[in-house]
Structures are given as structure tokens and as C-alpha cells.
Amino acid sequence: MKKLPVKSITNSVQLKFAVTFLILIAVLTVFLNTYPTIASRDLVFSSKKVSLQNQAGVMSSSLSAPEDLTSDTVPEVMDQLDLRSLTRVIVTDENAKILYDTAQFDPGVGRTAMLSEIYRALNGDIVCYSVYDGNAFMTREAMPIRSGGVTVGAVYLYEYDASQAELIKSIQTKLRGVSLVVSAAAIILMFIFSRALTLRITELAKATRIVSEGDYDHRIPVSGHDELSELGIEFNSLTSRLKETEELRRRFVSDASHELKTPLASIRLLSDSIVNSENMDVDTMRDFVTDIETEAERLQRTTEKLLSLSRIDSGTSLTRERLDLKKVTEKTLKLLHPLAKETHVSITAALSKDCFVYGNEDLLYRVIFNLAENAIKYNMPGGTVRILLKTEGDEVVLTVEDTGIGIPDEDVPHIFTRFYRVDKARSTDAGGSGLGLSIAHDAVKLHGGEIGVEKREEGGTRFIVRLPACAKPEGGETK
Ligand SMILES: Nc1ncnc2c1ncn2[C@@H]1O[C@H](COP(=O)(O)OP(=O)(O)O)[C@@H](O)[C@H]1O
Ligand SMILES: [Mg+2]
């Protein structure tokens, strides 16, 4: 996958952040500038309608009393009423002839009314509506005048109200001002925050790239207590672990090649000597070839151990089964018998039955073999090796103890490290490579167990392995 430059990643993060924020602000501003205006306008509309309808009702019922609606009688009645709030009031008879009109400019008394609202009222409807044009509320109301169940005329009311409109306009202006200030402040804050945020993300992204290119010493300066700081701390500890792993890997490769190089060099030297000496006697030659064979065996053992380690490292694919550790231990001891005899070391074993674990037979065999082999190899002629196997609670415990040379305190923390040997000469003479204990350690860990070492008071060493016991299958299997 092609890598994007760090800058462009964080820029796009910032852009997304800014766009989302701006949309949010825009939506909020639109809402703030429309909803309150619409709501207060609707409020004015309904209060206007109610008030005009009431006034029209009063007029219509006052005018239903005189038998005859005439241009003389109507003004008399109307003078009794309070018409101050209304811009225009018209009263007509049943033929839409205007009997009364408060228009200051060209009142239409005597003429036929041309307003559609009046015709609808004469048809028996009550008409009422209000409009707002941004400058004023204009409300119109028309109502029939009824007398004895018959429509005898109509009243028409018109109100032009600019003061309420003023009020709404001033609210609108204020809201606009407020939202402008708030939006500006929010945008400025957003830029400051997103800048700070993306700067830190950029730093993290850069650090990741630097480390991925191999500089495991790079660390992010961490301050504060937020999620990004936590990410920084995690990143730093991840980098430290990467560094450790990388160092281990390098050391392992160089140790392993060194380990393979030494016997190979001996083999070459020995075979060169055979090839270059013209008259080598048969006995010398046999000695040389025997040495070559020993070195080749050492090579084989080392490569086998390396293979075991790599199998443990890729652990999960190992086959596991229910194992009787007593049987595995007995098999191992049989194989070690010749070595014990050769070095004059005696082996005693106390193995309980019912020591079952769920694991890989080959690896657990190696654990027991390496511990027992060490106990024999690093022992003294006439010494003993004791092997105990028992269950303790839900654990199977294997103890391997010897009366041997012991391990110096300062070496104890290192003995499970790959290729570590306390006495390199002794180990090499005994065909060791310093891998046995690390294989045992890793294999035990892979099985969810623990391995430990302690000094025996009487001299010698004791290794203790604890493995989770395998539950007995139904019906119990004891042999
Ligand atoms: N039972 C023991 N007594 C004394 N020293 C031991 C014992 N087991 C292991 N060691 C020391 O620990 C080192 C590492 O052991 P191991 O990994 O098995 O490597 P090696 O191939 O040398 O046996 C050995 O070289 C030896 O110095
Ligand atoms: Mg060993």
C-alpha cells in the first residue's frame, strides 16, 4: 500500500473536523434565526384573530338590533363602540351597499363594496386572516350581521399593526447579532482546538513512521492526561518492547550463526588436514574422522534445538493431547541411562500415577530431557539425580534435583536465556549449546506453566516445573 505523507493525513483530518463543525454551526444559526421569529409571528397571528373576531362579534350583535340598517342608524351604534385599534371598519347592508366606513381617505359610504371578504360574509361565512409582510401585520375580519336568522348585512374590520412587527424585527436583529458573535467565537475556538489536536496527531503519525523505518529509540514527549497522551504512552511502551524484541532477534541470529560456525570451522580444518597430508596413517585418519563425526553430531543437535525453539515461537499450531507425564518421564530416563552410567551418576525416580497434562508430547519430553540431562552433565562422579513427579491441587509438579556443581547466584537470572552458559568450556565439552533451558522455559510457558530454579542446601540444584493438570475423563482412567 502506498504511504500518504503525514501532513496530508492530518490535513484531511482537520478538514473533516472543520467541515462537520461548520455544518453544525450553520444549522444552529439557521434554526436560531428562523424558529423564534416563526413562533412569535404565529403567536401574534392567533392573538390578532381572536381580538378581531371578538370585536366583529360585538359589532355584528349590536347591529342586529335595529330593524333597518341605514347610513343614519349604523354610525349611531358604532359611535358607542371603541374602534381605536382598527384601521378601517366597514358596515354594509345585505346588498353590499356601504352604510358606514371609517376610511380617512375617500370613505365609500353609498357605494357598493368591492371587497371579496364582504361578499363571503354576506353568504354567511366568517372570514378571518392575518398576513405579515415583514413590516406590519395586516389582519382582516368579515362577519355577517344576522337578524331573525337572516343575513341583513356585513361588518368588515381591517387592522394594520406595525408596532408588533417592529418588536419581532428587533428580536430578529438581536438574534442575528448574537448568532454572529457566537459563530465567530466558535469558529475561532474550533480552529485553535483542531490545530492543537492535529499537531499532536501529526506528531504521533510522524513518530510511527520514524519507528517503522527502524529507529526504535524514538520517543514521543508526553504531557497531559487525555486520550492522546495515553496513546503516546502506549506508543512509547510499544516502541520499547519492539526495541527489546529486535535486540533479542539480532542477538539470537548472531549467537546462532556463531554456534553453527564453530563446529563447521572444525570440520573444515580436520578435513583439510586429511586432504593435505600425503602419508597419513590409518589410525590418525580414523581419529580425525571421529572428530569430524563428533562435530557433525553437535551441529545436528544444535539445529534440532533451534528447530524446537522456532516451533515453540510459532506455538499455536502445535498438536496437543492428554498425556501421562509418568510415561513420558520413564521414556526419557531410559534414554539418559547410558549417559548417567558413563558419568557415574545414579538416578532415582519417584513418579506418581495420575499425573496428566494436556500438551504436546515432543515438547514436554524435551523439557524433562533437558533438565535431567543437565542434572547428569553438571554433576560429579558418584553424584545422584532425583526426579519427583506428583500432583498438587490442580497442578502437576515435576522436580529435578542433583548433587552437582550448582549454579552461581549471579548466573541464575540468565540461565533461561538462549545460548547462555555458565561454564562455556564444560558445557561445550558435554555437547551443550546453551539452548536446553530456554527450550524448557519456553515450552513450559507455552503450556501455561511455570519453571523455577533453586539452590539445594546440601549442594546442587533443584528445578521445579508446574503444569496445569488435565481433568480426569469420565469414568476415571487409572493404570
Ligand atoms: N543442573 C545444573 N547444575 C549446574 N548448572 C546447570 C544446571 N543446569 C544448567 N546449568 C547451567 O546452565 C547453563 C544453561 O543450560 P542449558 O540451557 O541446558 O545449556 P547447555 O546446552 O549448556 O546444557 C549450562 O551451560 C550450565 O552452565
Ligand atoms: Mg542442557
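Which helices and strands each supply at least two residues of the lining of the largest pocket? In this predicted model, these elements are α8 (361–377), α10 (436–446) and β12 (461–468). Helices (H or I, at least four residues) and strands (E, at least two) are DSSP runs, numbered from the N terminus. The model is predicted, and local features therefore need pLDDT of at least 70, side-chain atom pairs count only at pLDDT 80 or more, and totals for chains, interfaces and linings use all residues. Residues are numbered from 1 along each chain as its sequence is written, chains are lettered from A and ligands numbered from 1 in the order in which they are written, and side-chain values use heavy atoms, with hydrogens and water left out.

Lining residues have an atom within 4 Å of a point. Grid points are joined across faces, edges and corners, and a volume is the space filled by probe spheres set on the points.

The largest pocket has a volume of about 440 Å³. Its lining comprises 26 residues, and N374, Y378, I407, V422 and L437 lie nearest the centre. Helix α8 gives the most to this lining, namely five residues. By class, the lining of the largest pocket holds 11 nonpolar, nine polar and six charged residues; Ala, Val, Leu, Ile, Met, Phe, Trp, Tyr, Cys and Pro count as nonpolar, Asp, Glu, Lys and Arg as charged, and the others, Gly among them, as polar.

Two cavities of 30 Å³ or more are found in the whole structure. The second largest cavity has a volume of about 30 Å³ and is lined by L325, L364, V367, I368, L398, V465 and L467. Its lining residues divide into seven nonpolar, no polar and no charged. Both α8 and β12 supply at least two residues of this lining, and the largest share, three residues, comes from α8.

Helix α6 (residues 282–313) has 32 residues and should span 46 Å at 1.5 Å a residue, which agrees with the 46 Å between its end C-alpha atoms. The expected span is 1.5 Å times one less than the number of residues. Buried residues (under 20% relative accessible area, with exposed over 50% and partly exposed in between; 1.4 Å probe, protein chains only) of α6 are I292, E295, R298, L299, T302, K305, L306, S308, L309 and I312. The elements covering them include α5 (227–276), α8, α9 (424–429) and α10. At the start of α6, a side-chain oxygen of D281 reaches to within 3.2 Å of the backbone nitrogen of D283.

Two residues other than glycine have a positive phi: A96, at about 70°, and F419, near 70°. A96 is placed in the loop between β1 (88–93) and β2 (98–101) and counts as buried because its relative accessibility is 0%. F419 lies in the loop between β10 (395–402) and α9, and is buried with a relative accessible area of 10%.

L175 belongs to helix α4 (residues 163–212) and counts as buried at 19% relative accessibility. Not counting residues up to four places away in sequence, L175 touches L32, N33 and P36, where contact means heavy atoms within 4.5 Å. The C-alpha atoms of L175 and N33 are separated by 6.3 Å, although these residues are 142 residues apart along the chain.

Conventions: 1 Å grid on protein atoms, 1.4 Å probe; cavity = no way out; pocket = protein on both sides within 12 Å on 5 of 7 lines; lining within 4 Å. Polar contact = N/O pair within 3.5 Å; in protein donor to acceptor, adjacent residues only side chain to side chain.
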